[in-house]
Amino acid sequence: MAEQLGNLTRTHTCGALRPDDVGSDVVLLGWVHRVRDLGGLLFVDVRDRAGVTQVVFDKDDEVLMAKAKRLRSEFVIGVEGQVRRRSAETANAKLETGDVEVVVRKLTLLNEAKTPPFPVADDTPVSEDVRLKYRYLDLRRPRLQGNIGLRHRVTTAIRKYFDANGFWEIETPILTKSTPEGARDYLVPSRVHPGEFFALPQSPQLFKQILMVSGIDRYVQICRCFRDEDLRADRQPEFTQVDVEMSFARPETIFSMIEPLMHDVFAVVGRTISTPFQRMPYAEAMAKYGSDKPDLRCGMPIQDFREIFGDSGFRVFREIVAGGGTVRGFVVKQAGGYSRSEVDGIVDQAKQMGAAGLVWARRAEDGTITSSVMKALGEVEVRRLLDTSSTGNGELLLVAAGEPDATSKLLGQIRLALARQKGLLNPEEYAFLWVVDFPLLEWDPEDKRYVSMHHPFTSPHDDDFALLADQPGKVRAKAYDLVLNGSEIGGGSIRIHDAAQQRRIFSLLNISDEEAKLRFGFFLEALEYGTPPHGGIALGLDRMVALLANESSIREVIAFPKTAAAIDMMSNAPSPVDPKQLRELHLLPKK
């Protein structure tokens with residue numbers, strides 16, 4: 001039978017007591033973490049979010065001891081007692097409270113608990129479905145509590161930083177207009193307007209731009225966004241982003257605002273990062289790393305060898321270069337220990353990734369040269385290739401040929417796979433990068449039209465306006481992504497602030513004037529009332545906190561995440577609803 005809290009008031013958290021508190025009378029409230037019955041003494045670890053404190057029940061108080069022996073894992077209790085120092089032999093250096101314990105004189109049993117489906121006190125492996133079904137128990141575990149606490153400290157640091165820099169935090173609507181461009185919207189039927197729908201925001205993009213039209217100047221919001229995307233392992237249908245917009249901004253304005261923010265965010269976990277961050281054009285990132293979000297920690301950039309093979313005796317590569325293709329490769333560090341079978345395994349791995357083939361050449365530790373194409377190229381040309389690529393002793397050169405982008409993407413995948421296998425991606429290293437000068441548009445062969453690489457409100461690069469008329473695919477955007485260790489943690493752009501220019505971009509995207517008016521009319525009209533140049537960025541809060549916590553999945557830093565199939569295992573959502581509700585929403589005919 002549970003007892004009432006009554007006047008029982010906590011004096012300390014379970015992580016607060018120290019030797020200076022010895023002799024004090026205290027009240028602790030929390031969960032039973034562990035119980036150890038030594039016969040004459042009963043030791044109970046009491047836990048709350050702040051930590052764990054050991055409390056002691058003595059056999060001399062038979063009534064109290066009998067009550068204490070009922071305690072089991074996850075019972076909720078209150079204890080009153082006196083703090084005493086633990087002996088040197090029994091002190092627990094693993095706990096911040098490990099030098100003291102509380103001798104209990106009164107126990108209040110506030111609630112009992114069923115046996116949990118998995119241990120809460122230990123971080124033993126549990127299937128994700130079970131963890132998500134019993135998320136309220138999973139959140140009691142120290143790892144998850146630490147992650148959620150970290151998330152709170154990060155959001156606090158973000159709000160403090162932006163407040164100090166003159167930003168106003170403003171809430172934008174959750175129920176808004178559907179303006180599909182990219183991911184699918186989540187739609188909400190209107191009861192009072194039959195046949196019409198709200199949409200949950202994929203981002204506050206238009207509203208934050210309208211706030212710049214409104215003279216707000218600097219806006220920030222830690223906001224929820226919703227995207228009905230196809231299933232991916234580490235995506236969530238609802239996620240959190242740090243949304244930022246500034247009037248009279250250039251890309252440099254955004255960079256100089258976000259880099260100190262990252263400094264403050266990483267200081268939350270005691271890390272110091274260097275600024276300014278490296279900057280790299282999109283075209284260079286794709287050529288050197290085969291990705292628009294390259295991980296720079298392992299080095300090993302991709303190099304171009306077209307000049308070597310343009311007149312080579314190796315017919316296959318010579319013909320690829322002559323046909324407009326390329327020959328590219330990268331040097332693998334610490335490859336001296338690779339056996340021939342391991343090198344062949346890399347070639348097989350490349351074929352599984354879609355490569356037609358992969359050529360290799362290497363220098364052994366003693367300088368001896370070997371290659372998979374030694375007969376076709378000859379030793380002189382192989383040596384020239386190794387010298388040009390700066391392949392040293394004990395290093396391996398991997399080379400592929402084909403269409404430039406596809407070749408670099410393939411090599412980029414192999415590069416990262418080998419870096420992981422060789423342990424070259426140091427989790428304690430933070431390699432920030434701004435990727436800039438993205439293409440404004442990309443061709444969609446299925447729809448046979450141009451689509452925005454970022455979104456249709458992104459401004460073309462100043463130097464490329466003349467290309468919009470007849471070479472739109474070559475136009476660069478004033479767009480930028482913030483990349484950290486191979487993950488995109490933010491993306492933004494300078495926006496179009498002229499209504500005529502915005503209509504021109506809509507036209508390039510095959511959006512007619514009628515459709516533009518229907519979907520974006522309110523926004524286009526707003527642009528005609530004196531809109532300042534402006535730009536911004538959206539930072540992925542979930543991804544940032546996951547990186548700070550060294551977690552591979554964002555689900556580990558979200559209190560109530562959904563599965564990869566977009567299901568809430570705990571509440572069993574989505575779920576059917578009463579037909580009466582559907583009729584009220586005009587989704588079923590009325591009887």
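Me: Before we get going, what does contact mean here?
Reply: Contact means that heavy atoms lie within 4.5 Å, and the structure we will apply that to is a predicted model.

Me: Let me step back to the whole chain, then. How many helices and strands are there?
Reply: The protein chain has 17 helices and 22 strands, and its C-alpha atoms fill a box of roughly 95 × 75 × 55 Å when that box is taken along the principal axes.

Me: What percentage of the residues count as buried?
Reply: Of the 591 residues in the protein chain, 46% count as buried. As for contacts with a separation of 6 or more, 68% of them in this chain are between residues 24 or more positions apart.

Me: Which residues of α16 are buried?
Reply: The buried ones are Leu541, Asp542, Met544, Val545, Ala546, Leu547 and Leu548. Since 7 of the 8 residues of helix α16, which spans residues 541-548, are buried, the helix is largely enclosed by the rest of the structure.

Me: Changing topic to pockets: what is the volume of the second largest pocket?
Reply: The second largest pocket has a volume of about 680 Å³. Its lining is made by 29 residues, and those nearest its centre are Asp48, Arg49, Ala50, Gly51 and Gln145.

Me: Which element gives the most to that lining?
Reply: Helix α4 gives the most to the lining of the second largest pocket, supplying 9 residues. At least two residues each come from β1 (25-37), β2 (41-48), β3 (51-58) and α4 (142-164). By class, the lining of this pocket has 10 nonpolar, 9 polar and 10 charged residues.

Me: You mentioned β1, so what about Val27: buried or exposed?
Reply: Val27 has its place in strand β1, and at 11% relative accessibility, under the 20% cut-off, Val27 counts as buried.

Me: Which residues does Val27 touch?
Reply: Leaving aside residues up to four places away in sequence, Val27 touches Leu8, Thr9, Arg10, Thr11, His12, Val79 and Glu80. On another point about this residue, the C-alpha atoms of Val27 and Ser214 are separated by 53 Å, and the two residues are 187 residues apart along the chain.

Me: One last thing, how many cavities of 30 Å³ or more are there?
Reply: The count comes to 1 cavity of 30 Å³ or more, and the largest cavity has a volume of about 40 Å³.

Me: And what lines the largest cavity?
Reply: The residues lining the largest cavity are Leu132, Arg135, Phe560, Pro561, Asp568 and Met570. By class, the lining of that cavity has 4 nonpolar, no polar and 2 charged residues.

Conventions: Residues numbered from 1 in each chain as written. Predicted model: local features only at pLDDT ≥ 70, side-chain atom pairs only at ≥ 80, totals over all residues. Heavy atoms only, no water. Buried < 20%, exposed > 50% of the residue type's maximum accessible area, 1.4 Å probe, protein only. Helix = DSSP H or I, 4+ residues; strand = E, 2+ residues; numbered from the N terminus. 1 Å grid on protein atoms, 1.4 Å probe; cavity = no way out; pocket = protein on both sides within 12 Å on 5 of 7 lines; lining within 4 Å. Points joined across faces, edges and corners; volume = space filled by probe spheres on them. Nonpolar A, V, L, I, M, F, W, Y, C, P; charged D, E, K, R; others polar.
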